[in-house]
Every structure is written in structure tokens, then in C-alpha cells.
Amino acid sequence: MTMARESKRILILNRGEIASRIGKACRELGHVGVGVRTDNERNATHLEFCDEWVQLSGKSNKETYLNTEKIFKVIAEHNIDAVHPGYGFLSENYDFARMCEEKGITFIGPSSRCIELMSDKANAKAAAEKAGLPILPGSKGKVATVEEALKVSDEIGYPVLIKATAGGGGRGLRVCMTPDEFKTNWESAKREAEKSFNDDSLIIEKYVINPHHIEIQVLSGKDGKTFHFYERECSIQRKHQKIVEEAPSPFIGTDEDLRKRMCECAVQLAEHVKYDNIGTVEFILDENKNFYFLEMNTRIQVEHTVTEEITGIDLVVCMTQVALGEKVGIPSQEWITKVGHAIECRICCEDPITLIPSPGKVTAFETSFPQGTRFDNCLYKDLEITPDFDPMVGKLVTKGILRKIAIRKMRSALKGLLIEGIKTNVPLHQVIMMDETFNEGKYATNYLDKVAPQKDVQTDFDTDRMFIKLAGIEAREAGL
Amino acid sequence: MRYYFVNKKDFDEEFIFDLVESEWLSPEMMSFAYALLKDNEVIEKKKLYITKTAGRYFSSFDMVTWKKIPRQDIPRHIVNINQEYSLYRGFKPSGLGGDAGGGLLAQMPGKITEIFVKPNTVVKKGDPLLILEAMKMENVIKAQMDGKIKKINVKVGDTVEKGVMLIDFEQKED
């Protein structure tokens, strides 16, 4: 006898590697994944894992991925039951989540109430404080004027951090060492926040110098029961955007007590606010192993892969099941164990030294990876990378029973990742994977500035590589 | 056959690859010999082998160790780590190089959100000149050398294509 199970139609409202990732999860669960593509994504690779797809007419993000009117039209016309927003775009837009709820469409993510609470950094911090989590000193809520902000900064002492309350991805974020620096940064942070999030409200917080950025993955069921999936270390960042992540954290290392306390805090917060899907509680961990609540991300994150690799649990599948009211089948926290170590390198099309995005056309793409490598990507030969989207084109993930094995595999995987035609940060990752500080696991968020692996990227004109490239092209043309 | 590699940023940097000889060694293997010229002098000569096995291409310099290479058609440009080279086969179009030196070219398409300098501003290497917003990031474009701003060809709010001359620049004479 087969089990009767209703197949849902899930709209995958994203692009690139995460859309493929969601498509795979939909298929696995026996649902129909409905992908979308815009007018300038004629060669969208993510559709490969969608069972159906819909054209979202228009070119800019505003006309397509962010156009709720158009999206609800698609939802109605194509009998969509649920929407998976992925990350970015509408994933943390509580208005959109609320509209879905009102129309009886399942939003695959937390409820609009949770998103709204956590999307405002001031409210999130207040909730964390109430839940008993350690927080950083800073402004009580939003700060309206620069005068008021300067006063708050004087009270808590420099350096301070200006943060957009609606912030994310490093936008609207400024570190200020002195009052003078504060004044110049205030306006630009406001402008960037307004442009990126349509909300220019800012908060002030004490800035911890060279902290570790540790985050705890959590999953809450509709019954309010929350599980954690251990931590991720995301301290290697440029412009406050992560480029290398790993799990578990080498800084926490064997300090099981610290790990347990941080994980418990994350669960405590989720249960306190009656959280109801996947989320990440971010902490700042200083050199003396004091940790402070930073923010909570109410979406699946780019770096969820490393957690999946060490726990063996498919988080995208879990969040979909929770949202659809299906059984996830995790009996207890003890059941979630971690084994070994996983590292993720974000592959971005950018100059490996200046880290400036470098869009262009991929003229060749092939891989030959070591055993057990995972490469979530949207690359293919002839892909045109436009400046409209994020420069990340893939996530290379390796794992090993020991950290050094994961690193060894990553070195080999980076060698086997062949991307031609665009500048990528692969040479930078290669230097990081060979770097002593990284290998010892003794890095903090200042790594790219302090250790500056960019300086060690070999930039000599590689004649042998060019000979090979030309010969390859000629051989192909000659008909070999 | 001659290949020209012209650095997209610094037109003076140019490499010439001459295919001196190519030969079919078997239906599955070819050999190629190249000479590399820089400033009209041969700086390197090399012979290499390409073979195709199971639909994949492999290269070797010694016919002992083979390295997988990606299939690609002749591209218009080639990247070496952090430099982009325009690739020309057979002949090089005239009009390359010349007055571009000293100017600030947009290295990516984007939108100008802020300009810090005015004509006649004297700047030092590393001084911020303008902000080019691209790929959702504000990228501060800095002066590549000491000098003086001659002319600013863009204004705040302009959307620019890659390769557009943003600022005319006068390099400081030593």
C-alpha cells in the first residue's frame, strides 16, 4: 500500500544556486517546484531543477523578483500553494509574508510576525534582552538625529558602529573610531539604508574590535519546540560580507561549555519569541570568549551548507516541511549530532586583490573535484554575469573528519574548479587555504585587513597557462 | 598564426603568442609549438601536447603528466588572475593604446553615486575619487597615482558602461 500524500505546488521565488537548491528539495519531497525567470535571464540554469517555470516579464528586480503584484498574479494563475523565497529579495519582507498568510498561501519561512520583529534591529535586541541573552551596549532603539547619535556614542565610548535597523549584507553599516569619522559616516549610512531597504532609521552600538562572528542555526516547529544545529564561524568577511564559512568554529574548538551556552541562548531566544521556522541567531564573540547577541536572520542563509554537511540534515527540506505542516521527524535535540568539519568558500566574480566585482561572460566552466565535494552553483559556459545581481556564482563546500582534511580537500577542489573569462576570487581562496593563520584557526573578523592574503595572490603573467589555453582552443578548432 | 594579448587597463602591456608549428601525432593527439614575444623579443618557446579522451581535453608538456583543460571557443578576452587581456587573432586593430594612460576608466558598469573631486583637485595615490555603485555595493574608486584632475566626464546619478572614461587625469611629473 502506498502512502497517500498531497503534492503541493511551490513557487521558487529566487534565482541562481539557491533556486536550484530549493528545486531539488521540492522534488525530493514530491512537490512540484515552479521556477521563475525574468526577461534578461534567458539562460537561467536554476530552471534545471524546477518541474515547471513561469516567465516574470520585466528586467529590473523591481519589475520582477520584488514585484508583489506580479507575483500574486502568477500565484493565482498557476494554482500555487506555497512560496519559497530563498535568501535576499522578498525572503525577509514581512509585508509579503503577511499578504501570503492573508491569501492562504504558505510562505516557506517564519511567520510575518517573527520576520517583522527580527527585521528591526532595535526590536530584535530588546527581545533578546528580555529572553535573557547578553547584548552589546548601545542606543535604546532608533536614533533620529546626528546630535542625539553623537551623544549616545560619547556615553558608550568609541569605537561605535552605525547600523541600519533594516540592515543586512553589510549595507548601511559603518564603523566609527572618532566623532569626526562619525559625522561623515552618518549621512552615507543613512543614504545607503534608504536606498537598500527603503528605511533610513539607524541604531548605534558599541563596536567590539576584531570579534568573531559566530552564528547558531535553529529550527522551530509550529508547536514552538526549537532545535539547534550547532554553530558556524563566519569571521572571514570583506565589506561585512562573508566569503569563507566553516562549522564547527575553530575558535570555540573544544570548549564544549561555551558552545553549549551559545546554542542554548539561541534556542532560548527562539522559544521566547515563539519562533516558527528556520532561523539563525548571530553572535559576536570577543577575544575573551564573551558573546553578545547581534541579530537574528529569519531566512535560509547562504552558508547553511556547512551545517548540513556536519549534521547530515537537509535544512531546506526541513523548513519546507515545517511551513507545510508536515512532520520533520526530529525526535529530540540529542538526535542532532555533528560529525567532522565543513568549509565553504563563496566563489564570486570579483578581482581577487581589490575585491571589486568584475562581471563578464564565462567562456569555459568545468570541474574535477576531490571525493565528497559539494558545489552549489549557477555556472555554465556562456553565462553572462550582469552587474544587477550579487557577484556570488557558487559555493564550494568540502568536509573531512578533521578540519585539516576539509582544508586539504578544499585546496584540491579549488585547483579543480576551472572558470575562464571572468575574474574570480578563487586565487584568493587558494592563498587563504595555504595561510598559516587560517590553518591554525586563529583568525577573527579583521583577517582580510590584518593578514591581507590578497597581497600574496600571485599575479605574474602565467605563460604556461596561456600556452595551454591557446593550444586547447586551436586543437578544438582543428577538430580534435 | 599570431595572437595578441593586450592588457585592457594598461595598453602598453602586450604579449604576442606565435604558433610556430602544429602537428597531428595521432587521431587523438596534436602537438603545438609556441613562441612568446614581448617588446619584439622572443622570451619563451614551448612545445605542448593536447589529447582528447572521453570527450575531455588534456594538456601536457612532457607527454607523461596530463592536466584536464576546459573546452572553450576562442574568447574575446582572457583573464590572468587580476588582469584582463583583449585577445586578437591574426592582426591587432589600430587605434589601441595612446591617450588612455592617466585617465580613469570605469572597470565595471554601474551608477555614479558620489564624486569627491573637482577639476584641478590635486590628488595622491589612494585618495577616493568617486563612488561607483555596482552589484549592490558602493565601490570607492581611488586614484591610481599622484596627479591632478583635468576633467570629470560624469555626474552623480549617471549610469556608465564598462570602459567609459570617467575622469581625465594628469599624472604628476617627477
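This is a predicted model: local features need pLDDT of at least 70, side-chain atom pairs count only at pLDDT 80 or more; totals for chains, interfaces and linings use all residues.
Across the interface of chain B and chain A, 19 residue pairs are in polar contact, both residues of each pair being at pLDDT 80 or more. On the side of chain B that touches chain A, the element that gives the most is strand β4, residues 41-53 of chain B, with 6 residues. By class, that side of chain B comprises 31 nonpolar, 8 polar and 14 charged residues.

Let me stay with the interface for a moment. Chain B brings 53 residues to the contact, and chain A brings 59 residues. Together the two chains bury about 5,400 Å² between them, and carbon and sulfur atoms account for 62% of that area.

How many salt bridges are found across the interface of chain B and chain A? There are 8. One of them joins the side chains of Glu114(B) and Arg191(A), at 2.8 Å from N to O.

Asp73(B) and Arg476(A) also meet through their side chains in a salt bridge, here at 3.1 Å from N to O. This pair crosses between chains: Asp73(B) sits in the loop between β6 (67-69) and β7 (77-80) of chain B, and Arg476(A) belongs to helix α15 (residues 463-478) of chain A. Are these two residues buried, exposed or partly exposed? Asp73(B) has 40% relative accessibility and therefore counts as partly exposed. Arg476(A) has a relative accessible area of 30%, so Arg476(A) is partly exposed as well.

Salt bridges that share partners also build one network, joining Glu215(A), Arg232(A), Lys242(A), Glu245(A), Glu282(A), Glu303(A), Glu344(A) and Arg346(A).

Over all chains, the structure holds 48 salt bridges. Among them is the pair of Glu308(A) and Arg21(A), whose closest N and O atoms are 2.7 Å apart. This pair links distant parts of the chain, with Glu308(A) in helix α9 (residues 304-311) and Arg21(A) in helix α1 (residues 16-28) of chain A, 287 residues apart. Both Glu308(A) and Arg21(A) are buried.

In soluble globular proteins, nonpolar side chains tend to be buried together. The largest nonpolar core here has 38 residues, and those that touch the most other members are Ile236(A), Val244(A), Ile347(A), Ile432(A), Met433(A) and Phe438(A). Several elements of chain A give two or more residues to this core, including strands β11 (241-247), β14 (341-348) and β19 (392-400) and helices α11 (403-415) and α12 (426-434). Ile347(A), setting aside residues up to four places away in sequence, touches residues that include Phe375(A), Pro391(A), Met392(A), Val393(A), Leu414(A), Ile419(A) and His429(A). A second, separate core has 34 residues, among them Ala25(A), Cys26(A), Leu47(A) and Cys318(A).

Finally, a single residue. Where does Thr64(A) lie? Thr64(A) is found in the loop between β3 (52-56) and α2 (68-77) of chain A. Why does Thr64(A) count as buried? The relative accessible area of Thr64(A) is 0%, and buried means under 20%. Apart from neighbours within four places in sequence, Thr64(A) is in contact with Thr38(A), Leu56(A), Ser57(A), Gly58(A), Lys59(A) and Ile71(A).

Methods. Residues are numbered from 1 along each chain as its sequence is written. Chains are lettered from A and ligands numbered from 1 in the order in which they are written. Side-chain values use heavy atoms; hydrogens and water are left out. Contact means heavy atoms within 4.5 Å. Buried area is the accessible area (1.4 Å probe) that two parts lose on being put together, summed over both. A salt bridge is a side-chain nitrogen of Lys or Arg within 4 Å of a carboxyl oxygen of Asp or Glu. A polar contact is a pair of N or O atoms within 3.5 Å; within protein, one must be able to donate a hydrogen and the other to accept it, and residues adjacent in sequence count only if both atoms are side-chain atoms. Helices (H or I, at least four residues) and strands (E, at least two) are DSSP runs, numbered from the N terminus. Ala, Val, Leu, Ile, Met, Phe, Trp, Tyr, Cys and Pro count as nonpolar, Asp, Glu, Lys and Arg as charged, and the others, Gly among them, as polar. Buried means under 20% relative accessible area, exposed over 50%, partly exposed in between (1.4 Å probe, protein chains only). A nonpolar core is a set of buried Ala, Val, Leu, Ile, Met, Phe, Trp, Tyr and Cys residues joined through side-chain atoms within 4.5 Å.
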